[in-house]
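Thanks for making the time this morning.

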Amino acid sequence: MGQTLGELFRAFRTQRHISMKQAATGLNTATISRFERGQGDISLKIAGQLMFNIGMGVDDLGEMLGAQTQGFANGLQEIIKGQRTALATKVDTFLQQQTCAEPLAALIRQIQPFLRLPETEDRHLPLTLEQTLADRLAYPSKWSNFELYLISSAVPFASHELTTLLWQRLTALTDQTLGYQRQALWRLALVALLHNDKPLYAQIAADMQRISPIPALQIHFNSVMPQFLAISAIAEHRDPAPILGALRRVGATQLAAFLDHSVQTAGAKPAWHNQVIEDHYDSALAIEPDAKLMFGPTLARLRKQRGLTVKDVIGDWSAAAQSRFENGKTTLGFHSTLTLMQRLLVPTSQMQAATDATSTFRRYRLKAYTMASNFQQAHYTRDDLVNLLEEFRRTTPNFPEGLRVMYQGGLTTAFHWAAPDALPDHDPLYADATPSEQKAIVDYFRSLTTLSSQDMELLNLNINRIDQTYYDELVTVVLARIKPQSNVAAQLFDNCDNFIYGAVYFHVDSVIPKLTAAFTHESWLLSWWPICEVTELQTLAQVYQHDTEATRQAAAQLIADTRTLCPFDNTANYSEHWLTAFRGQGRQK
């Protein structure tokens, strides 16, 4: 095998020029040193503090581990591109590593032949396999890559009863838990619509009408809203051409082609029935939405949900240690817990939707968000926010000044976004960074070789605090440190229009060619959202520099298409502001 977990952490730290002193802030230096040399494990609590100290996000951890051992693919890229056989080959390669529990590997091997079939082939799952799938897919709140694989590979050949049962379970989720399962929602709906199943069509149509407009979930749903809209059109027998046309015009041609194929194959085969399937759902195994993921009792429930024994999942620790861990009487080390998650086929990305303290900043950002969301009801004051910022500042005594500035700015920005009346634009706490603070931010990014996902989170929270003095310099430094097709690059594309907003607002014309060259329609971008962000960036650059009839028409079409694809929030209105308020200002300057 390659490097130990500690050695991977050390490589991450040194690549970012972070000293051992900074890495061990609030921790024991000897403990961290031994861990980095592969001479010992660390606790989950220490791991969370260490990740914060070295600027490692959950995405960075997953990407780092993925370079050592291939994770279980979610398959969405291959499914959208119509490459089911390629996904089957990728899964075969994963199985050769023998990292997951053997009963799960056996189930995957049983499913693989169905993945190699065209979705439209009229083949039925064996009844025993249907029951196994009903049991394994009984708890959708924690569905992840493994469950998406089962949906994509096997459910196209499932009975009316199994498909309906899965759909009812999934759409019974509420609040943020439903938002986190947005990928499963559209994927399950489209495979269900392959069958000419009128009752299920009607249920999907009604549920999508109920779910899609939920205001609090638009932050989750916007990235998959075109799929939701296409599903509603298919289920209601409406023409989806306006949706597909809008996708093509904004540049999301791969997604448009996939959804067009889904329209053509809807109802392609008859529904069939399984009268003996049973619902074995056990409420005692359900996991609360706010449960910690890397916690013994939570992972015990996940193990039982997957039908596994203690013996199936233990690694280099004893069954007795596993039992104590599952009963909450003790903890496993960080490395052992990650190994356990591998055996359970639980990706590290699941920690994003849990309450694990994998990042001190994330913990404080949640505190700031909670405070802002309950500002009046809980009778918070501005002083409470000041105290929170000071409390956080004391956790970063050895950090570079630019990083400290971004952490503080990130917390105030998160608070402002949640409660703009409680922390208005003119409040000194929310003011632009001073020239010396801006220089410190630029110097921090210049000191790095590559950027982490936490760096990108902080940059997105602070980019609106940088003015014309350092704007070009900051963008230039950041763009030079992005690894292509990485998680960090994906984060950057997801928010790329934020960069041109500052450029046109402050009239930093020199940065615009750099942005338009860096952000183009890349083939690895499958979600419509970053593709539309790129289109808006390119269009705003044209409108800003050339106020002509052609650029006005392009802007108007983009606004109309955004409104078609994202109809339930103010995204289109926000785009309209920038595409109209700043047109021609580059030329006027």
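**Notes on a predicted model**

Let me begin with Asp 175, which lies in helix H12 (residues 175-180), where helices are DSSP runs of H or I with at least four residues, strands being E runs of at least two, and both are numbered from the N terminus. Residues are numbered from 1 along each chain as its sequence is written, and side-chain values use heavy atoms, with hydrogens and water left out.

Asp 175 has a phi near 55°, a positive value in a residue other than glycine, and with a relative accessible area of 58% Asp 175 is exposed; here buried means under 20% relative accessible area, exposed over 50%, and partly exposed in between, with a 1.4 Å probe and protein chains only. His 507 also takes a positive phi, near 60°, but its place is in the loop between helix H30 (497-505) and helix H31 (512-518), and at 27% relative accessibility His 507 counts as partly exposed.

Now to the helix packing. Helix H33 (residues 549-565) and helix H34 (residues 571-581) pack at an angle of about 170°, with their axes 8 Å apart, the axes being lines fitted to C-alpha atoms, for helices over the stretch in contact, and the angles running from 0 to 180 degrees between N-to-C directions. That makes H33 roughly antiparallel to H34, given that angles under 35 degrees count as roughly parallel, over 145 as roughly antiparallel, 65 to 115 as roughly perpendicular and the rest as oblique. On the H33 side the contact (heavy atoms within 4.5 Å) is made by Ala 555, Leu 558, Ile 559, Thr 562 and Arg 563, and on the H34 side by Thr 571, Ala 572, Asn 573, Glu 576 and Leu 579.

How do H32 and H34 pack, at what angle and with their axes how far apart? For helix H32 (residues 528-545) and H34 the angle is about 20° and the axes are 10 Å apart, and the two helices are therefore roughly parallel to each other. Their contact involves Trp 529, Glu 536, Thr 539, Leu 540 and Val 543 of H32, together with Thr 571, Ser 575, Trp 578 and Leu 579 of H34.

Phe 334 is one of the buried residues of H22, and, leaving out residues up to four places away in sequence, its contacts include Leu 5, Phe 9, Phe 35 and Met 294. Eight of the ten residues of helix H22 (residues 334-343) are buried, so this helix is largely enclosed by the rest of the structure. Just after H22, Leu 345 takes a positive phi of about 60°.

Finally, Met 225 is found in helix H16 (residues 225-235) and is buried, with a relative accessible area of 0%. Beyond its neighbours within four places in sequence, Met 225 is in contact with residues including Trp 528, Leu 565, Cys 566, Pro 567 and Phe 568.

Key:
This is a predicted model: local features need pLDDT of at least 70, side-chain atom pairs count only at pLDDT 80 or more; totals for chains, interfaces and linings use all residues.
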